[in-house]
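Trainee: Could you help me learn to read a protein model, one feature at a time?

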Amino acid sequence: MTESLLPVDAYLVESLPEIWFGVVLFALGMYVVLDGFDFGIGMLYATRTDEHERETFLAGFGPVWDANEVWLVAFGTMLLAAFPRVYSRLLADNYLLAIGFVLALLFRGLGPELREQRDDEQWKRYADYAFIGGSVFAPLLLGMLAGRWLFDGATLPVVLTGVGLVAVSVVTGAAFLAAKTEPALAAELRTYGIGATVAYLGGVVVLLGTVVLTDAGGAADTILSGPVAAVVALSVAAGVGGSLLARRGQYRAWLVSALALPTLLTVLIALLLYPVIYPPTGLLVREAVVSPLALNLVTVLGFPVLLVVLWYFKFLYGVFSGPIEGEGYGG
Amino acid sequence: MSPTPVLTTLDPGVVAFLSAELASRMQFGWTISVHIIFASLSIGLAPFIVYFTWKDVRTNDERYARLRSFWVNVFAAGFVMGTVTGIPMSFQFGTNFPQFSEVAGELIGGPLAFEAKMAFFLEAVFLGVLLYGRDRVRDRTYVLSSVLVGVGAWLSGFWILVVNAWMQTPRGYEMVTRNGMEVAKLTDPFAAFLTPRMTWMYVHMMNASVISVALLVAGVSAYIIWKKPDTDAWNTALKLAVVLLVVSAPFQAIHGDAYGRHVEDTQPQKFAAMEAHYETGQADLHLLAFPKSASALTDPRAENLVTVSLPAVGSFLASGGDFDAEVIGLNEYEENPPVALVFWSFRFMVGLGFLFIGLALWGGYLTYRGRLSDSTRYLKAMIAASPLGYAALLTGWYVTEIGRQPWVIQGELKTSEAVSSTLTGTEATLTLVGFVVVYVGLVLTALYILKWLVREELQSLGVRESSDGRWHGPIPGVSDDD
């Protein structure tokens, strides 16, 4: 019955494993971009002492963070569906990092929820610690996990990848909030955003330089290739251009170029990996992929749904577009 | 039970850590036990949310606005808890049970990815609209959002149970060698996704979620009515919960009975553990079992139990009509699940199930007589019963999951073979302790949030705090003014 519907011994299209490599990284990119600005909001929240401003930040974050976080689950489960060995090894070989990351996410998600539940300074302070701490550690540990994936055990590149993800999250968080708040607050956010942009671009250069010098994970040759150079150049252009736009108060345009940074970071990850998908053991995309029938099935059932999901996000962000209204996290 | 040493002593006499396997199993068991409470809260609350939202928008009746607002807040808090506890679940397939993920990847990866894409996104996106978008979208879109949130919750359960049912009755695959490892290759998606267990599990679990939430709604309503009689909204909520219970509680017993027969057919070892049936042969049905000695708690056997049994009816039920049918006993197997946990969990669940039927019929009778909200005794009983649905749901899952041991995939892969070979007992124990501490805090927080929401509700109904309280202690029976 199935044979007539789906090819069993051949992929629907010859390059389906490569397409899935792209789709899995697309989901990772969506996560890094979308939840990235949530993390940024959480970190910038630490710089606010005024209750009204804190509430405004939470109101900007409230309607979307949960949906954003689902991209992590989409990434993980699609990785499992298409490349089960990579999912297993990545998480099992980095046990404490992975568990630390999910616990950081837990505190980040719970903090704002708790904050609403009691009008008590002490209580709110603890809830804020959870929110801010989770927002710092989640991108740091996720970045380190990505670093371990790309560069195997080398310590400095791994830490730099983590710090880089923290910095780029601050950039997008600042730009997202600046585009949705009043000018005075936006101007303050701009300062943090530009500082983080400089830190991020500097971090990427140092990271790639270190990897070239030490050849961590055997990635030196890839880094010195044309496509990587192009991605780095585009990142610098987006960072510098975005900062100039921010200076001129064009926050919406700044947001667009800020969001280009984590997008380009994901492209960089893809370039550093391909055609390998798990550098620590040198496993190739073609070796790690599941059998044709299984991949054809998740393609036929999954891809249309993925398009619908993108429409949901368009709808969600459409409903909550424009300046942040009201205050606070609760409905 | 298993030949793996339970304890690996790192530094003799100072600190003893659990083995990686035992710590991983305890960690997964503990985290899923907490997660499933929130997951089933979403499933069971979904029909209430849709109904209240629809009535609120349709009638503009203050009653429904009040109920919608209260239960959407409960739903939202539960959903946040479900999200933050759900992500560690899928991660643990990789961190703690990588061999399982690799062997079963082709079979479980697809359904788990569908769960994320078809269900989880739907729920998360439209909950955002439901919580924050009342003034930003049209009425029709708002009601539709509540429906989509509910559909998301029920679809989520569907795909997760596709995975679990496959682990109980695996099919639609063949074992092949890939990258030097024996893995399952998908050969027939229909057989693999719609295993014989799937329908049984889905119906039983969705209904269990509805029962659990109906008991919770009834308990909260009863408490508020107790504090402030004659509140229209909460009388409506109580009646609705009771009506749902009248339908769902008896149905669960009838369905569960047939489900048990299916388990006997497909997983005889689990069935034998549920009945502590050791010798292959004719089986009695133990309607009630009480321990004769303390040993029965840890090792229930015919010798140490006082049972109210129907001779040979176990055979009759398991075979669908033959009193002499042979029921396979545990002695046939080399390795068995922890029988005591399965045996007592099963009895606990069934006992609670009958209690729920009693409460449902009592409530149904009172509703029929038009005295539902006037019976103090009934209100008290429902307050006390409000967490019991979850107790039944959890013990039911212990029967299912512990009863499948030593297998993680029945007949194909043992749990001990699925555990990470690179994981140390120290790391696993460390994270286990972390999860225990954090999740205890999480559960307490969830209870605190519920308490806080109820207190807010009472204040908005005009009940002054700690005044004219008819409620005095945690257990209704001990209040001193009745």
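**Reading the model**

Mentor: Let's start with Val308(B), which is partly exposed at a relative accessible area of 41%. Buried means under 20%, exposed over 50%, and partly exposed in between (1.4 Å probe, protein chains only). This is a predicted model, where local features need pLDDT of at least 70, side-chain atom pairs count only at pLDDT 80 or more, and totals for chains, interfaces and linings use all residues. Residues are numbered from 1 along each chain as its sequence is written, chains are lettered from A and ligands numbered from 1 in the order written, and side-chain values use heavy atoms, without hydrogens and water.

Trainee: Where is Val308(B) found?

Mentor: Val308(B) sits in strand β6 of chain B; strands are DSSP runs of E with at least two residues, helices are runs of H or I with at least four, and both are numbered from the N terminus.

Trainee: Is Ser291(A) buried or exposed?

Mentor: Ser291(A) is buried, because its relative accessible area is 6%. Beyond neighbours within four places in sequence, its contacts (heavy atoms within 4.5 Å) include Tyr11(A) and Arg178(B). Ser291(A) lies in the loop between α13 and α14 of chain A.

Trainee: How are two packed helices described?

Mentor: By the angle between their axes and the distance between the axes. Axes are lines fitted to C-alpha atoms, for helices over the stretch in contact, with angles from 0 to 180 degrees between N-to-C directions. Here, the axes of α2 and α7 of chain A come within 8 Å and cross at roughly 145°. Among the residues that meet there are Leu28(A) in α2(A) and Phe131(A) in α7(A).
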